Each structure stands twice: as structure tokens, then as C-alpha cells.
Amino acid sequence: MDVDDHAEELASALGVDKAEVKDDLENLLSYSVPVDEAKQSIRRKHGGGGGNDAAPTTKDIDDVTTGDGNVTVTVRVLSVGRRSIRYQGDEQTIREGEFADETGRISYTAWEDFGFQPGDSITVGNAGVREWDGEPELNIGQSSTVAIETTPVEVPYEVGGDTGLVDLRAGDRGRNVEVEVIESEERVIDGRNGDTTIRSGVVADESGRLPFTDWAARPELREESEHRFEEVYVREFRGVPQVNLSEYTTVTPLGRSVDVDDDATRLPIGEAVGAGGLFDVEVVGNVLEVRDGSGLIERCPDCGRVLQNGQCRAHGDVDGEDDMRVKAIVDDGTGTVTAMLGRDLTELVYDGTMAEAMTAARDAMDKKVVADEIRERIVGREYRVRGNLSVDDYGANLEATEFERTGDDPAGLAADRLREVRQ
């Protein structure tokens, strides 16, 4: 059911103007308010009550689906995090995290403070169900009830939000991590309340590295400092998980060193792509192809998109800015990925500056000579590629920070592969 259908249903039930209902509904949905909560809010606004006619069904967590309306579950609270959102023009604090029973785990959002803490066993009555990232999520609002259980719910999961960076996924809430700040800078962005000062950079622990954003811009998050973050949430940023600190996040000095590995985690390409998106990962494979759009290119001065025939798909006809890049297909037998090399790495594989490449293109009266030269140098050879991996409907891209030829002999590798095939 789309927004128009929901508005039609509400307007008919409440006897009010559909256009007004649709405006209110679209406004609430634009702030990520679940559709059931949004509809209940509109019912209350127009005196129609906040209830839902469907009787809740008692279910195990593993049996909850996105097709359920309202459910009652008895669970153990694994984690609780807090975050502020703008709701109907006002700031509101929500609670979010994970519940579990012996059958599985499920994320939740509570629109009020029901007082439960990690480790509590509770029965949640009349909880709404919505889809979040393709999975069901419980929404606990004014029409829901929460009762403490005296008999603990036994679960095969660890209570509390402590985790390593490598295990964080977009959508996680109420997590705790112990990290070293590797990179940190303060900057001003155009936020929902106008100019907003934030702090961002990279944090690391024994398991890996991830980008972070601190929306409270804490000055103590300087480079080479170690901290424990409690109540962080995780969003996807450029295809990889990003640690987010809110005003409710507790930051405590660790008083110990974090054993940070300077090397990136090396994975087979198939495994890395299967993870969906990774920050600072390393793969090794053979370059099968240098794709069209490599070599000398022009970018839009406003948005940075690559121009096609002098046209930006967002800004139309613009005066492009010169740049260089390589889009190389890398394969290791388990999968393929497109390694995206920026100007600095492209100049290294070309073995010349962009100015020299532009001179070569002018002399040949053809920009393609630069891409052809790069193909000649790298296709068929094995490379170690380090960078940030993103995966979407169009494929897997690895934004390279390092691109280094291995010491292996291509002829020897080919002979080894041929022997494997013949065995």
C-alpha cells in the first residue's frame, strides 16, 4: 500500500480532507517515522484514537515477519541505545537496540522510555512490525505495553552491546566499542538545523577500522587517543558501515593502548563482496580488463561526476575539470571487483603525471592513448589492492588507497593455473 492509499484509508475513516492527511503522512514518513506510528499520530490529531483494530498475536522472534500487523513477544533485552530525531517538528528521543528469545534476535524502536535495560526479561504487548533493511523490526509506541518478567528468558546471545568494529553492520544500535582514534577533524556541515559542527575521521581496534562521525563534536576525540564509546549507532556511508556518536553516547578514556594492526584485513574477493561493504580491506588478484572511462577524464566542477560529451547528468553543459582515473576489473578465482584508482594512483601506474598524459593525448590527437598505455602496463598482471569496498545493484567497487604489483611472475602464474585445470 503506497502513501496515497494510506491517506485515502485514513481520510475515509476519520471523515477529513485527504490532501491534509496526505501532507501530514508524507511529513512524518520523511523523518523515518514508521507508517503505523505515523497513522496512529494522525488518528490522534483528528480525534480518531491511536489504536489498531488488529488483535496482536503472541509469537516467537523467529516467527515474526514483515507481514505481521501487531505482535506480543516475551524477550530478553540485549541492548538499549538512545538517539534524537525530529518528529512532527519537535526533537524526540527514541530508544533502539535488539531483543532476543531462544529462537532468534530482532531490532526494535521504542518511541517512549519504558524503563527496560539490557539484561531485563520483558513481555512487549501490541508491538507494531515494520520492514527495515528487508528484515522485520518491532515498533513500540503509545498503544504498546511492557511488563517485566520474573523468570529470565534464556537466550544464546551475549547481553550488552560490546562488540568489535569488524562485527558492526549498518542498522546496529546501542553498541559499545573500545577504539583508538586514527584520524580526526572538525568541520561544519549543512545540518537539519542549519550549520552544524561535527567531528569525523577513522577509529580502529584489534579487529579493523571504520569511519566515525561525532554529532556532538567532542574535542577530546583527537588523533592517537583511546576511548570507550557506549551507545553508538551504525549507518551506511559510501557503502560501508560508519560509527555514529550522538549526544547520548558516553565517551570514556580507556587508560590503555589499543592493539591496532596497520595492515588491512586480506580476504578472497568472493568473501569480501559477500560481506556487502567493508572499510579498509585488501584483496589480491589479476587485472583482467581496464574498463572504458579510464585514463584522462573530465569532472563536473559542481558535483564531481564524470562528464559524458561535456555533459553532467545533474548540471548539464559545464566546463569540466581535468582528472585521471583507472577502472580495473580484478579477479582472484573466487569473484571479481572493480578497482577504482584516483589520480595519484593512476599517475603511478601510468608512470607519468597528468600533465604528461595530456601532452601525449594532444600529440596523438586522441585521449584513448593514455588508457591504452595503462592497459598495456597492468592487464594480465597480479596486484594487491587495498581500499574501501561498496556493493550495490550495479556491482562491487573497491575505492583503492593502495595498488601494488605483486612479486609473482605472470608467466609462472599462468603455468600454475594451467596445471590446476589439467589435474
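Me: In this predicted model, what share of the contacts in the chain with a separation of 6 or more comes from residues 24 or more positions apart?
Reply: Happy to start there, and please keep in mind that the model is predicted. Take the contacts in the chain whose separation is 6 or more, and ask which of them join residues 24 or more positions apart. Their share is 60%.

Me: How many helices and strands does the chain have, and what does its C-alpha trace span along the principal axes?
Reply: The chain has 8 helices along with 21 strands. Along the principal axes, its C-alpha trace spans about 75 × 55 × 50 Å.

Me: What percentage of the residues count as buried, and what part of the exposed area do carbon and sulfur atoms supply?
Reply: The chain has 423 residues, and 45% of them count as buried.

Me: Is strand 11 parallel or antiparallel to strand 8, and how many bridges join them?
Reply: Strand 8 covers residues 175–191 and strand 11 covers residues 226–237. One place to look is Glu180, which stands opposite Glu226 of strand 11. The two strands run antiparallel, and the number of bridges joining them is 6.

Me: Over how many bridges do strand 11 and strand 12 pair?
Reply: Strand 12 spans residues 240–253, and its pairing with strand 11 is antiparallel. You can follow the pairing at Arg235, which faces Gln242 of strand 12, and at Glu236, which stands opposite Pro241. The number of bridges is 10.

Me: Which residue takes a positive phi in the hairpin of strand 11 and strand 12?
Reply: This hairpin has 2 residues between its strands. The phi in question is near 55°. The residue that takes it is Arg238.

Me: Is helix 5 oblique or roughly perpendicular to helix 7?
Reply: Helix 5 is made of residues 343–350 and helix 7 of residues 368–378; their axes come within 9 Å and cross at roughly 70°. Angles of 65 to 115 degrees count as roughly perpendicular. Therefore helix 5 is, relative to helix 7, roughly perpendicular.

Me: Which residues make that contact of helix 5 with helix 7, and how do they divide by class?
Reply: From helix 5 come Thr346, Val349 and Tyr350, while helix 7 brings Val370, Glu373, Ile374, Arg377 and Ile378. By class, the residues of this contact of helix 5 with helix 7 are 5 nonpolar, 1 polar and 2 charged.

Me: Is helix 5 oblique or roughly perpendicular to helix 6?
Reply: The axes of helix 5 and helix 6 come within 10 Å, crossing at roughly 60°. The range for roughly perpendicular is 65 to 115 degrees. So helix 5 is, relative to helix 6, oblique.

Me: How many charged residues does the contact of helix 5 with helix 6 have?
Reply: Helix 5 contributes Arg343, Glu347 and Tyr350, and helix 6 contributes Met354, Glu356, Ala357 and Ala360. In the contact of helix 5 with helix 6, 4 residues are nonpolar and no residue is polar. The number of charged residues is 3.

Me: Is Asp280 buried or exposed?
Reply: You will find Asp280 in strand 14, residues 277–290. Its phi is near 60°, a positive value in a residue other than glycine. The relative accessible area of Asp280 is 13%, and buried means under 20%, so Asp280 is buried.

Me: Is Met365 buried or exposed?
Reply: Met365 lies in the loop between helix 6 and helix 7. Although Met365 is not a glycine, its phi is positive, at about 55°. Its relative accessibility is 77%, and the cut-off for exposed is over 50%, so Met365 counts as exposed.

Me: Which residues does Asp120 touch, not counting residues up to four places away in sequence?
Reply: Asp120 is in the loop between strand 4 and strand 5, and it is partly exposed, with a relative accessible area of 24%. The C-alpha atoms of Asp120 and Ile198 are separated by 34 Å. The residues that Asp120 touches are Val75, Arg76, Val77, Gly115 and Ile148.

Key:
Residues are numbered from 1 along each chain as its sequence is written. This is a predicted model: local features need pLDDT of at least 70, side-chain atom pairs count only at pLDDT 80 or more; totals for chains, interfaces and linings use all residues. Side-chain values use heavy atoms; hydrogens and water are left out. Axes are lines fitted to C-alpha atoms, for helices over the stretch in contact, and angles run from 0 to 180 degrees between N-to-C directions. Helices (H or I, at least four residues) and strands (E, at least two) are DSSP runs, numbered from the N terminus. Angles under 35 degrees count as roughly parallel, over 145 as roughly antiparallel, 65 to 115 as roughly perpendicular and the rest as oblique. Contact means heavy atoms within 4.5 Å. Ala, Val, Leu, Ile, Met, Phe, Trp, Tyr, Cys and Pro count as nonpolar, Asp, Glu, Lys and Arg as charged, and the others, Gly among them, as polar. Buried means under 20% relative accessible area, exposed over 50%, partly exposed in between (1.4 Å probe, protein chains only). Two strands pair if DSSP finds at least two bridges between them.
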